[in-house]
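Subject: Handover of a structure and notes on it

Dear colleague,

Please find the structure below, handed over for your use. The notes that follow it set out what was found.

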Amino acid sequence: MIKTVPSISFPSNPFPSPKPNSPFPNLTSFPYHSPHPYKPKTLSSFTFRAKARAKELILGKPTSPVEKGKYSYYVKTVIDNLSSLSPRGSIVRCLQPFRNKVSLDDFVLVFKEFAIRGDWQRSLRLFKYMQRQVWCRPHEHIYTIIIGLLGREGLLEKCHDIFEDMPAHNVPRTVLSYTALINAYGRNGKYETAIELLNRMKKERVPPSILTYNSVINSCVRGGLDWENLLGLFAEMRHDGIQPDVVTYNTLLSACASRVLGDEAEMVFRTMNDSGVLPNITTYSFVVETFGKLGRMGKVSELLKDMANRGNLPDASAYNVLLEAYAKEGSIAGAVGVFKAMQETGCMPNATTYSILLNLYGTQGRYDDVRELFLDMKVSNTEPDASTYNILIQVFREGGYFKEVVTLFHDLLDENVEPNMETYEGLIIACGKGGLHGDAKKILFHMNEKGIVPSPKAYTGLIEAYGQAALYEEALVTFNTMKEVGSTPSVETYNCLIDTYARGGLYKEFEAVLSIMRESGVEKNRDLFNGVIEGLRQAGQYEEAIQAYIHMEKARCRPDERTLEAVLSVYCFAGLVEESEENFQGIENLGISPSIMCYCMMLAVYAKDGRSEDAYLLLGEMANHRTSNILQVIGQMIRGDFDEDSSWQVVEYVFDQLNSEGCGFGMRFYNSLLEALWWLGQKARAVRVLKEAIKRGLFPELFRKTNLVWSLDLHRMWPGSTCAAISIWLNDMYQEFKDGTDLPHVAAVTIVRGKMEQNPASRDFPVAKAAYSSMEDNLPPSSFTFSGWNKGRLICHRARLNQILSALRQSDKDEIITLSNSPLPLHATIRSSSTQNSKRARASAIDMDDDTKTILKRREAELLSSAV
């Protein structure tokens, strides 16, 4: 050990022979021969260099800096210096400046900080140093801390050595050090050693404390000591005059819960109440867990009632634990029974109580009960907190009540409840799912006003909201803003942006997003590939869509139902009936029930090809489906079983149920349904269904009117829904003309948006072909033409439009496009009408060269095999 002396004096020989026990070797005996002979230097220069070396100490940056204000200056500096000290650095020099400035109580704080970090190496190194010092020799409290830290790390031998060395350092072993060592062995499953230490401390006349017994009992519970011996320890504890506390009883109850001992748990719980020890939430949790495993939840209610009858009224936490157990089982009746019992005993429910019930009602789809219970909560003067509102937001978001979620936000502000990040994220995600971009923008603005930085989830929700409304520029600006403020886009953010472009067929735009994604090193996932496949299909890039599916397989992304649905839509759009049929059967062979969209697409592809018998057989399968009510209702609706207004409510109920899936799902559902209805000749029903979709907030860009332009935006529609939308638009326009409304300067039909607007190839999009064909079939030739300034628009100027509508009025025609429903099944009618329709379909959807058809057919086997 090196001692510091006040002055340094050097003998005549600066390098004397080392003493036998000296830590310094004889420098002259080193096996090193310098090419330059040694030249003695002056005493002053040597003294200067010795002093310089003594002060030399290099410290790095602390691995975990201490937060400001947590400790005093000296304690903080000691912790930071020790944290920055290298493994081979001198701890003596590190602590030298603090000699006689840092007390043992300060060192206790240092050891506790290292214990929190789990840094046992530095703690042990500091401890060994302190043992060698006089000014900072550790006392028992420090021994207790270091034993506890090493015990948590499983270093039991080191714990034992330190404990046994205590007398050698004149530190007496008391109940604290014994308890620390017992706890160290107990947490590592060595309950036999823990019991031996308990007996040893009694022999040494060290009286155990309640903490000692709790540690021993806990170690025995962990180690699996049988119940009788556990009760023996419990009795021994009471015999020694130590009264068990809540920790003791909770430890015994934890053993009952893990071993499913119902009678024993009841005995312990009753003994606890008789002893006057108040249970806490942990107590109730173990009791509920025990009887829950036994299927005797009613027993817990009996125990609580008995407890109340004896004058020990359970608090709200007791009932909340029981409510939570019933909620996990999905038992509304049990939860309501507990709630009523709680009120009968005079225990006031708190916000947690109501939150559990609200969540339970919400998961069961009982939204009216959720609203009623929330009103009761306010009437009872129980103030909802942020957690309560978070549950309500989640419940109504999952139920598809997106506007009600926004109402909750305003109610939250009126109640002066401070929202947290989970609240904001839930709100904006709900707005994104429901397409409420205006509300999402206001919520984000509110966050900025409060100085809250939006999370990636919040930005993603806003992008989704803009995407549902086809506001592409706003979505892109939000994405760029997100990156500018330092919020890293997640894979969900990229998925959302790609879905936004994919629904409209803007494949050039999402290709740019994919490029950014690759540069950022973000891995592609299944949802991303699904969006890419759908986007390429919407743009008529069928071969590229199939190649995207092949790339998905190479990326080891397992396809899901949406993937198989997207691939089926590629074949249906391409008009490949046999391949579509094989793909549909392949989905069933995988044990997956085809979705309502898959059924509708198959109906459409059969109708286009004139295979009315196959279409009607599939329709009958839908209408009589045994497991899916949605398939039944939609199949019967297509047949006309719900045309009456009183019956149509059944259809509206199904549409409202599907509304909970969000706008993205809704667009796929209504597009596929309209595809089936239109090509089966159910045009009046198709128009009615499209109006239902618009009423639920879908396709907000579809119909727009100003004094200058009446526009119809079809770029996110499918061919069948395109024809239905054109029918509504033209017939409404004709009716307004007959009513004397002034015509606009231009009537415009948007069929393509994005970069492809300037590309003549946009005319080959499936929607473009369907729209142009429908216009040509129902209006005089060249009524709507492609504009010269935009290849994605069909326009008709006022003069020409006035001429067309005037001629129609003179002919006493009621509608431009007659909407009716063809009877089903009438094979001749379907075949005769489908002959013209199939020609139109082939002109609009199957206009592919033979090479493309061959490639698609060749991919079919690969698709089905890889899906397995």
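Two residues are said to be in contact when they have heavy atoms within 4.5 Å of each other. Helices (H or I, at least four residues) are DSSP runs numbered from the N terminus. This is a predicted model, in which local features need pLDDT of at least 70, side-chain atom pairs count only at pLDDT 80 or more, and totals for chains, interfaces and linings use all residues. Residues are numbered from 1 along each chain as its sequence is written, and side-chain values use heavy atoms, with hydrogens and water left out.

Helix pairs

In the pair α21 and α22, Phe402, Val405, Val406, Phe409 and Leu412 of α21 meet Thr423, Tyr424, Leu427, Ala430, Cys431, Lys433 and Gly434 of α22. By class, this contact of α21 with α22 divides into nine nonpolar residues, two polar and one charged. Here Ala, Val, Leu, Ile, Met, Phe, Trp, Tyr, Cys and Pro count as nonpolar, Asp, Glu, Lys and Arg as charged, and the others, Gly among them, as polar. Helix α21 covers residues 402–414 and helix α22 residues 421–434; their axes come within 8 Å and cross at roughly 150°. That angle makes α21 roughly antiparallel to α22. Axes are lines fitted to C-alpha atoms, for helices over the stretch in contact, and angles run from 0 to 180 degrees between N-to-C directions. Angles under 35 degrees count as roughly parallel, over 145 as roughly antiparallel, 65 to 115 as roughly perpendicular and the rest as oblique. The crossing of α21 and α22 is left-handed; a crossing has this hand if the near helix is turned anticlockwise from the far one by less than a right angle, and is right-handed if clockwise.

How do α36 and helix α37 (residues 683–695) lie relative to each other? Their axes cross at roughly 165° and come within 8 Å, and the two helices are therefore roughly antiparallel. This crossing, too, is left-handed. Tyr670, Leu673, Leu674, Leu677 and Trp678 of α36 meet Lys683, Arg685, Ala686, Val689, Leu690 and Ala693 of α37. The contact of α36 with α37 holds nine nonpolar, no polar and two charged residues.

Helix α14 (residues 281–293) packs against helix α15 (residues 297–309) at about 140°, with the axes 7 Å apart. This makes α14 oblique to α15, and their crossing is right-handed. On the α14 side the contact is made by Tyr284, Val287, Val288, Phe291 and Gly292, and on the α15 side by Met297, Lys299, Val300, Leu303, Leu304 and Met307. By class, nine of these residues are nonpolar, one is polar and one is charged.

Cavities and a pocket

On a 1 Å grid over the protein atoms alone, a cavity is a set of points where a 1.4 Å probe fits but cannot get out, and a pocket is an open set with protein on both sides within 12 Å along at least five of seven lines; lining residues have an atom within 4 Å of a point. Grid points are joined across faces, edges and corners, and a volume is the space filled by probe spheres set on the points.

The model has eleven cavities of 30 Å³ or more. The largest cavity holds about 100 Å³. Its lining consists of Ala502, Arg503, Glu534, Arg537, Gln538, Met667, Arg668, Asn671, Arg716 and Trp718, which by class are three nonpolar, two polar and five charged residues. At least two of the lining residues come from each of α26 (491–503), α28 (526–538) and α36 (663–679).

The second largest pocket has a volume of about 1,100 Å³. It is lined by 38 residues, of which Lys433, Arg562, Glu661, Phe665 and Arg668 are the closest to its centre. Helix α24 (residues 456–468) gives the most to this lining, with six residues. The lining of this pocket comprises eleven nonpolar, 13 polar and 14 charged residues.

Yours sincerely
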